[in-house]
Amino acid sequence: QVQLVESGGGLVQAGGSLRLSCGASGPTFSRYAMAWFRQAPGKERELVAAISWGGDSTYTADSVKGRFTISEDNAKNTVYLQMNSLKPEDTAVYYCAARSGSNWSSTPRRYDYWGQGTQVTVSS
């Protein structure tokens with residue numbers, strides 16, 4: 001059983017930056033693609049960024065392209081989401097997710113493990 005724990009959320013002014021971290025524990029020797037999703041009140045959960053196992057393939061949603069970057073540190077079993085130039089519309093609960101296998105997916109139900117979520121609030 002893989003456990004994911006997010007950290008790094010908080011309140012920031014528009015134009016500011018945050019870095020989210022997702023630490024994985026458990027049988028992390030297996031292959032997992034990792035992703036960051038977000039969900040704002042009244043909206044569906046959406047994929048923000050993803051990275052394949054080994055980091056060969058990454059994805060960034062058009063809405064955050066050029067501002068957000070996903071990266072991983074395999075030695076620390078940690079995935080990061082660097083968020084720059086934050087906007088009020090980035091306000092949401094951000095979730096880390098892991099999917100067995102090498103490839104990421106844009107579909108939330110295809111992920112096997114989820115973190116508890118971390119709130120990001122961007123004030124105007």
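This report covers aromatic contacts and salt bridges in a predicted model.

## Aromatic pairs

The count of aromatic pairs comes to six. One of them joins Tyr59 and Trp104. Their ring centres lie 5.0 Å apart, with 35 degrees between the planes, and the pair is tilted. Tyr59 sits in strand S6 (residues 58-60). Trp104 sits in the loop between strand S9 (92-100) and strand S10 (113-114). Tyr59 is partly exposed at 29% relative accessible area. Trp104 is partly exposed too, at 26%.

Phe37, Tyr95, Tyr111 and Trp114 form one aromatic cluster. Arg45 lies over the face of Tyr95, at 3.8 Å from the ring centre. Arg45 also lies over the face of Trp114, at 4.8 Å from the ring centre.

## Salt-bridge network

Four salt bridges are counted. Arg38 pairs with Asp90, with the closest N and O atoms 2.9 Å apart. Arg38 is in strand S4 (residues 32-39), and Asp90 is in the loop between strand S8 (78-83) and S9. They are 52 residues apart. Arg38 has a relative accessible area of 7% and is buried. Asp90 is buried as well, at 1%.

Asp90 also meets Arg67 in a salt bridge, 2.7 Å from N to O. Arg67 lies in the loop between S6 and strand S7 (68-73), so this pair ties together parts 23 residues apart in sequence. Arg67 and Asp90 are both buried. Salt bridges link Arg38, Glu46, Arg67 and Asp90 in a network.

## An exposed salt bridge

Lys65 and Asp62 form a salt bridge at 3.2 Å, N to O. Both residues are exposed.

Methods: Residues are numbered from 1 along each chain as its sequence is written. This is a predicted model: local features need pLDDT of at least 70, side-chain atom pairs count only at pLDDT 80 or more; totals for chains, interfaces and linings use all residues. Side-chain values use heavy atoms; hydrogens and water are left out. Rings of Phe, Tyr and Trp (its six-membered ring) pair if their centres lie within 6.5 Å; planes under 30 degrees apart count as stacked, over 60 as edge-to-face and the rest as tilted. Helices (H or I, at least four residues) and strands (E, at least two) are DSSP runs, numbered from the N terminus. Buried means under 20% relative accessible area, exposed over 50%, partly exposed in between (1.4 Å probe, protein chains only). A charge sits over a ring if NZ of Lys or CZ of Arg is within 6 Å of the ring centre and within 35 degrees of the ring normal. A salt bridge is a side-chain nitrogen of Lys or Arg within 4 Å of a carboxyl oxygen of Asp or Glu.
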